[in-house]
Amino acid sequence: MSFTEQTESTPFKEIRARQPSPDALVVYQAYSASIARSATEQQKLSASSSFKVGRMTWIKPSFFWCMYRAGWSYKDRNQERILAITMKREGLLELLSQATKTPSSPVRFQWDAERNVRLHKLSYRSLQLGISSEILVTKWIDEWIVKIEDITDDVRRWKSCIDEGEEGIQKVVEDMERPEWLEKILEVPPEIRVQLQMDLPSKTTTSIVNPS
């Protein structure tokens with residue numbers, strides 16, 4: 001979705017993600033420097049002993065929602081490196097099919113207000129997915145992740161531009177409107193829409209997706 005595109009009926013709940021191919025998509029996570037370094041060097045998220053497979057891990061298809069949670073990588077030392085993780089579409093669909101809001105669920109979903117380039121709230125929702133089952137986390141790491149990139153340098157460069165004001169914000173918008181960065185709606189089967197309560201409430205919102 002373009003960051004400057006005006007829409008009259010942005011869906012209230014849709015999964016939007018970068019999709020480098022029909023079979024893959026990108027999710028984001030923030031980690032400590034040691035976890036991120038080992039993950040990118042060995043292309044395995046659990047390469048560092050600091051990574052705890054037994055802990056719930058939250059994946060975020062929305063770049064700006066991850067930036068909001070991690071404070072553009074400046075929030076704390078445990079979130080100082082931003083990873084762009086390319087994973088198999090089939091893996092995400094399997095996780096979504098098991099997702100509920102129940103705290104004890106092996107996969108939990110949560111809809112939060114999407115953010116714009118200034119991290120202000122938008123009127124529609126963004127998905128977060130929490131994986132708590134050790135079996136599923138291991139399967140995600142070993143079978144579904146196909147590429148791990150540390151994008152922290154880009155993130156911090158964009159944050160510096162935003163801090164400069166309107167001209168810098170426009171630079172970030174132009175950067176992120178390149179085809180490889182655009183987040184597109186991920187089509188999911190009807191049963192997953194029901195599982196994730198995507199049509200409840202059944203409404204559309206009027207919004208302008210822009211840098212402000």
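Reader: How far is the sulfur of Cys-66 from the closest cysteine sulfur, and in which residue does that sulfur lie?

Author: A disulfide is a covalent bond between the sulfur atoms of two cysteines. Here the closest cysteine sulfur to that of Cys-66 belongs to Cys-161, and at 19 Å it is too far for a bond, a disulfide being a pair of cysteine sulfur atoms within 2.5 Å; the count is zero disulfides. This is a predicted model, in which local features need pLDDT of at least 70 and side-chain atom pairs pLDDT 80 or more, while totals for chains, interfaces and linings use all residues. Numbering runs from 1 along each chain as its sequence is written, and side-chain values use heavy atoms, without hydrogens and water.

Reader: Is Cys-66 buried or exposed?

Author: Buried means under 20% relative accessible area, exposed over 50%, and partly exposed in between, with a 1.4 Å probe and protein chains only. Cys-66 is buried at 2% relative accessibility, and Cys-161 is buried too, at 14%.

Reader: Which residues lie nearest the centre of the largest pocket?

Author: A pocket is an open set of points on a 1 Å grid where a 1.4 Å probe fits, with protein on both sides within 12 Å along at least five of seven lines, and lining residues have an atom within 4 Å of a point. In this model the largest pocket holds about 640 Å³ of space, counted as that filled by probe spheres set on the points. Ala-30, Tyr-31, Arg-55, Met-56 and Asn-78 lie nearest its centre, among 21 lining residues.
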